[in-house]
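Here is a friendly walk through a two-chain model, meant to be read with the structure open beside you. We will look at one chain as a whole, then at the contact between the chains, and finally at a single residue.

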Amino acid sequence: MINQATQSFDYAAAAVHALEQEMAHDPRVFLYGEGINDAGAYLNSTDGIAARFGEARCFDVPNCEDALVGLGIGSALMGYRPVFVSLRVDFLMLAMNQIINHAARWPAMTGYQVSVPLTIRALIGRGWGQAAQHSGALYSMFANVPGLEVVLPSSPAEGAGLLLTALRSDKTTIVIEDRGVFGAAEEVPAIVEPIPFGQARVARAGTDVTFFSVSSMTGFALQVADRVSESGISAEVVDLRTARPLDEETIRSSAARTGRVAVFDIGWNRFGLSAEVARVITEASGLQRPLLSVHRRDEHTPSSAFLEVEHYPKIDEVVQQVTTHFS
Amino acid sequence: MNVTTAVALECLERMVVIRAVEEGICAEYSHRNIRGPVHLSIGQEAMAVGVLSVCQPEDVAVSTHRDHAHYLAKGGDVGAMIDELYGLETGCSRGYGGSMHLFSREANFMGASAVLPGSTPVSVGLGLGCKLDGRGAVAVGFSGDGASDEGSFFEALNLAAVLRLPVLFVCENNGLSTNTPLVARQAQTDISTKARAFGLAAEATEAVDVFAVRQAATELIDRVRSTSQPAVLTLSADRLCAHVGPVSKIAALNPQALLNESGDPDTRDPIANCLGAILAEMPELRGDCIDILQDVPLRVSAEFRRADAAFEDRNVTAGLVAPPPPKSHTV
């Protein structure tokens, strides 16, 4: 295999690199955000794009997050590939109606006759006294919602490849960019290749315990793995990369191999990544019988009575399922 | 009226199609094969037909939970809509949308949101798409006065104005949000005043007379198209039906009764009003009008019978249990 040329980039430069590559390739891609062309805005992750592609493809907008996501949805329905850059994940809480009720559901409500290829980049202001409203992770709220993709890059090269996949995805994709990954530089391919969603990356091989991680907690988990190796513990670090879709197969296989699991999350513990990893594992093993979940289908509610009846649990089937499952 | 005879008849026919479909829903609902909420447009047909009859086919539109009239006036297929109401996979949204989420790619009817004011921000994005396409199309975003209670309704107006996007926001003011009157919800009830405060052109008109709506819409759409600046058109008429459910407040379509009512200058029924205007200015069209009033309900009724039979066929294998008898609906 021929070594591809690389350049050393920090996360911001890697993001610009991937965006510029795709914008040069696909005229449907454009960016917008509040103060997007301010010097140093977005931790430099939009620097130079307006200068290269013009302000028609990288434009400043008013403070109106709900309308801004609507702007992306409508233009995506018209065949464009908009990228909304949000200075903080926290600010997206103002746009939940458009993100969940509209971006995620519009394809389903039309019987999947349309798609909403919108990318939302959202930064997390980790550290430097950002306090409650500038440092939220909040991504598990989005990961709960069918129709969305949630991406959590852990490094510059990962960010470039995952961002490229987001730009090419036909779904609405939320790319969570933690300030904790902005500091370090690494080699990034001169020509970025897309990194498929739903495929975890083994960041460090190990045999005794698996650390499942996302975003900046991957670097953290790698440091922990190095430190505990001094005590003779061989930790495998698996960077999950995307929360939705989630690489359940890798979670199950690594957990089955090591039999010991830790989860390294950037967000809160309740109803978050730990619960999700535990669900994936216990659905496969770990109790006398695997965990059984009874729930509505993992999709948006269809209107048709024929389809709706399939959406909710049916008592007879559940009784049968429980009888078989736990006997 | 200031329209050709062909346009006059087309407006009447489109409104009669909408009314006939909704009366079909009222008639069939108690049979329980239409299984979902329905928000009718009876009394408001002139809004949809007046605006969309002056749009071009390539113009795009989005709507609300009360979307039947907009879908049909934009050119959505009648049979595919009725199939959708029956939950059939041949429906315009393949059974996933139901009454509140009709869709037609062919007609450039891009869908509908049932959460206020959800389709209004989406219409801004459609306007951006039209502008980027550079082919002179405009986006039409229908909302009700209820949506204008919401903050992001005004975010959307401002965003469209500041980005100079070709969007016509049509605010259908029936004076009610569910059943709460506008005066109980807004201190400034003049929506045009608020739109102008955001820097948008705004006009308002009564929407019982479809030809008056056409005239107001023509002026604004021409302006939106030529300047790539958004505008707001507020249309007022009575919702002559329940907020939700198969309840009309007026008599069913009847040619003789409509001919009688068409002479009443105070009628609130847009179909009677339209008929009156045509008979006054184009009396030679009387026979064509009567044909429309007689034939359209028959055609629509045949579509309901076809869809109902398809539902029953499908249910032979699906075996859905019949739902409980309908509750009595109040107006």
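## Chain B as a whole

Of the 331 residues in chain B, 59% are buried. Please keep in mind that this is a predicted model. The secondary structure of this chain comprises 11 helices and 8 strands. Along the principal axes, the C-alpha atoms of chain B fill a box of roughly 55 × 50 × 40 Å. The radius of gyration of chain B is 19 Å, which agrees with the value near 20 Å that a compact globule of 331 residues would have.

## Where the two chains meet

The size of an interface is often given as the accessible area lost when the parts come together. For chain A and chain B, the buried area is about 3,400 Å², with 70% of it on carbon and sulfur atoms. On the chain A side, M78(A), Q113(A) and F306(A) lose the most area to chain B, and together they make up 22% of what that side buries.

What kinds of pairs cross this interface? The table gives the counts for the contact.

| Item | Value |
|---|---|
| Residues from chain A in the contact | 37 residues |
| Residues from chain B in the contact | 48 residues |
| Salt bridges between chain A and chain B | 0 salt bridges |
| Residue pairs in polar contact across the interface (both at pLDDT 80 or more) | 14 residue pairs |

Several elements of chain A give two or more residues to the side that touches chain B: β3 (58-60), α3 (65-77), α4 (96-103), α5 (106-109) and α11 (305-311). The largest share of that side comes from α3(A), with 10 residues. Sorted by class, the side of chain A that touches chain B has 21 nonpolar, 13 polar and 3 charged residues.

## A closer look at V224(A)

Now for one residue in chain A. V224(A) has its place in helix α8 (residues 216-229) of that chain. Setting aside neighbours within four places in sequence, V224(A) is in contact with F211(A) and F264(A). As for R279(A), 55 residues from V224(A) along the chain, the C-alpha atoms of the two are separated by 24 Å.

Terms used: Residues numbered from 1 in each chain as written. Chains lettered and ligands numbered in written order. Predicted model: local features only at pLDDT ≥ 70, side-chain atom pairs only at ≥ 80, totals over all residues. Heavy atoms only, no water. Contact = heavy atoms within 4.5 Å. Buried area = accessible area lost by both parts, 1.4 Å probe. Salt bridge = Lys/Arg side-chain N within 4 Å of Asp/Glu carboxyl O. Polar contact = N/O pair within 3.5 Å; in protein donor to acceptor, adjacent residues only side chain to side chain. Helix = DSSP H or I, 4+ residues; strand = E, 2+ residues; numbered from the N terminus. Nonpolar A, V, L, I, M, F, W, Y, C, P; charged D, E, K, R; others polar. Rg over C-alpha atoms; globule rule 2.2 N^0.38 Å. Buried < 20%, exposed > 50% of the residue type's maximum accessible area, 1.4 Å probe, protein only.
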